[in-house]
Amino acid sequence: MTPYSNLEIQKYWDNFSERWAKYRKRRSYYWNSISKYCNYFIHPNSSILEVGCGHGDLLNTIKGKDKTGIDFSAKMIEAGRGRFPHIEFHQMAAEDITLQKQYDVIILSNIIGVLPDVQSVFVQLSKVSHDKTRVIVTYYNRMWEPFIRLAEFMGIKRKSPKQNWLSCSDIQNLLYLSGFESYKESRNMFLPYYVPLLSTFLNRFVSRLPLFNRMGLSQFIFARPIPETMATHQLSQKYSTSIIIPARNESGNIEDAIRRIPQFGKSIEIIYVEGNSTDDTWETIQAVQKKYAHSHNIKIMQQEGKGKGDAVRKGFEAASGDILMILDADLTVPPEDLSKFYNAIAMGKGEFINGVRLVYPMEKNAMRPLNTVGNHFFSKFFTYILERPIKDTLCGTKVMLKSDYEKLAANRKFFGEFDPFGDFDLLFGAYKLNLKIIDLPIRYRERKYGDTNISRFRHGVILLRMSMFATYKIKFW
Ligand SMILES: Nc1nc2c(ncn2[C@@H]2O[C@H](COP(=O)(O)OP(=O)(O)O)[C@@H](O)[C@H]2O)c(=O)[nH]1
Ligand SMILES: [Mg+2]
């Protein structure tokens, strides 16, 4: 049964329906900016559900293959069907969702402020979610409450029904209580009206700068269903893994890698990708493949192109495992630790597992001082850009599902082929795919054989240039 307060609100929206289209149109700059931001993270093939869709204006401007909207106001739904015939509409209370489908993306845009019981709505979302569903909650930033009240008082803004004014952590907590974890949040927008140049400057630039980005009016919270806990035997049966080992002048490390990689998951495939070596790395790889043929599934290949990034991409293409891992051939990331990466992704702790060298103290010569300073700088910088704590960007080991990598590779033109090392390419791609990125600390070791292939100054400049480019593509578009 719909609670009494709900009926009152329903009446309010029914009455409002007639003026809704006009009102949305007048405020289209503000509303479109919300669709635009959500669209950045939505794949065009996704199925979308909007809860509290009104006439469906947001759904109409959002990417997606099939779109469904529910709203408890019959008048809103009726008008929506007339305006947007390509959207599937249902008159339905958010507290009692009876749809039979699971959606890739569920959006609640500026509705939680007027729901009498937000938690009971969030609980409903489980019915229409699968493991990889993304929930996007948009809402006013609570810091703006006095200004919005003032705007309503002065008649600049439409008077809305009494708002809940939930803070970001209130919303995250309500999501958590309902079975969802929020893994990323962001804010933007200082001027919700279009004033040529000024709006662009304030909204696209200033509101996205550090510190200012806490104050934006529009707030976005990204959440996903909390993964179920899994018994150890389930975990070990869940995925097969491909470990890609890029190698240039690593002859003395090749066999150690095989000896030290532990057993985990359903099965392991090891892929060596050699390129541009001046020592006998390739011969060693061939010999090791033969020597371990009885016990290990080893593929070997040589790259035509240059650089680690190119080698990793070649290995990823050839991989047949469910999970893709990179292991640097210099074994500075201990191969024994790969099982931690497996557990993290198989348990669903994260969807992109980022190795981190900067948590544990390092072996004395593992990283040169200037590299350490550089790495700390990039860590701060990336935490800002990617809106998640990213302690290290350049650790050799990064892990993701092959199915996600395929989407990342298909979308590579968005960032362009700009990264010779491949680390940023993967991190940015994962951000754009809206994956949950998590750090996994490892103990970074000294190289036992050979020399680094990286030249600090030349590559440092390339990294800076890539960061600038990414800042533009991720933050200030
Ligand atoms: N196939 C291939 N592997 C490379 C190339 N450049 C570097 N690597 C490998 O990529 C990994 C990381 O390189 P490394 O020289 O250790 O860089 P650092 O860890 O930043 O000092 C190592 O396993 C290298 O052997 C390349 O051009 N081709
Ligand atoms: Mg190295």
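Figure 1. Phenylalanine 153 lies in helix α6. The model shown here and in the other views is predicted. With a relative accessible area of 70%, Phe153 is exposed. Together with Leu150, Met154, Ile156, Tyr193, Val195, Leu198, Phe201 and Phe205, Phe153 forms a nonpolar patch on the surface, and the accessible area of these residues together is about 900 Å². The largest share, 3 residues, comes from α8.

**Figure 2. Surroundings of ligand 1.** The shell around ligand 1 holds 20 residues, of which Glu250, Gln303, Asp330, Thr452 and Asn453 are the closest. By type, the shell divides into 7 nonpolar, 6 polar and 7 charged residues. A polar side-chain atom of Glu250 lies 2.6 Å from an oxygen atom of the ligand. Pro246 has a backbone N or O atom 2.9 Å from an oxygen atom of ligand 1, and Val273 has a backbone N or O atom 3.0 Å from a nitrogen atom of ligand 1. On its own, ligand 1 has 570 Å² of accessible area, and the protein covers 88% of this area. The elements β8 (240-247), β9 (267-274) and α12 (307-318) each give two or more residues to the shell; α12 gives the most, with 3 residues.

**Figure 3. Two loop residues with positive phi.** Most residues other than glycine have a negative phi. Leu211 has a positive phi, near 70°, and is found in the loop between α8 and β7 (218-225). The relative accessibility of Leu211 is 64%, so this residue counts as exposed. Asn434 also has a positive phi, near 65°. The loop that holds Asn434 runs between α16 (423-432) and β14 (437-441). At 2% relative accessibility, Asn434 counts as buried.

**Figure 4. Valine 356 and cysteine 395.** Val356 is found in strand β12, which spans residues 352-356. Its relative accessible area is 1%, so Val356 is buried. Val356 and Cys395 are 39 residues apart in sequence, and their C-alpha atoms are 6.0 Å apart in space.

Figure 5. The side chains of Arg259 and Asp256 meet in a salt bridge, with an N to O distance of 2.9 Å. Both residues lie in helix α10 (residues 254-260), where they are 3 residues apart, about one turn of the helix. Arg259 counts as exposed, at 53% relative accessibility, whereas Asp256 counts as partly exposed, at 28%.

Figure 6. Lys398 forms a salt bridge with Asp423, and the closest N and O atoms are 2.9 Å apart. Lys398 lies in strand β13 (residues 398-401) and Asp423 in helix α16, so this pair ties together parts that are 25 residues apart in sequence. Both residues of the pair, Lys398 and Asp423, are buried. The side chains of Asp425 and Arg412 also meet in a salt bridge, 2.9 Å from N to O. Because Asp425 lies in helix α16 and Arg412 in the loop between α15 (402-410) and α16, the pair ties together parts that are 13 residues apart in sequence. Asp425 counts as buried, at 5% relative accessibility, and Arg412 is buried with a relative accessible area of 9%.

**Figure 7. A network of salt bridges.** Salt bridges link Arg134, Glu181, Arg224, Glu351 and Lys436 in a network. The structure holds 26 salt bridges.

Key. Residues are numbered from 1 along each chain as its sequence is written. Chains are lettered from A and ligands numbered from 1 in the order in which they are written. This is a predicted model: local features need pLDDT of at least 70, side-chain atom pairs count only at pLDDT 80 or more; totals for chains, interfaces and linings use all residues. Side-chain values use heavy atoms; hydrogens and water are left out. Patches are made of residues with over 30% relative accessible area and no salt bridge: like charges are joined within 9 Å, nonpolar side chains (Val, Leu, Ile, Met, Phe, Trp, Tyr) within 5 Å. Accessible areas come from the Shrake-Rupley method with a 1.4 Å probe; for residues, only the protein chains shown count as cover. A salt bridge is a side-chain nitrogen of Lys or Arg within 4 Å of a carboxyl oxygen of Asp or Glu. Helices (H or I, at least four residues) and strands (E, at least two) are DSSP runs, numbered from the N terminus. Buried means under 20% relative accessible area, exposed over 50%, partly exposed in between (1.4 Å probe, protein chains only). A residue is near a molecule or strand if one of its heavy atoms lies within 4 Å of it. A polar contact is a pair of N or O atoms within 3.5 Å; within protein, one must be able to donate a hydrogen and the other to accept it, and residues adjacent in sequence count only if both atoms are side-chain atoms. Ala, Val, Leu, Ile, Met, Phe, Trp, Tyr, Cys and Pro count as nonpolar, Asp, Glu, Lys and Arg as charged, and the others, Gly among them, as polar.
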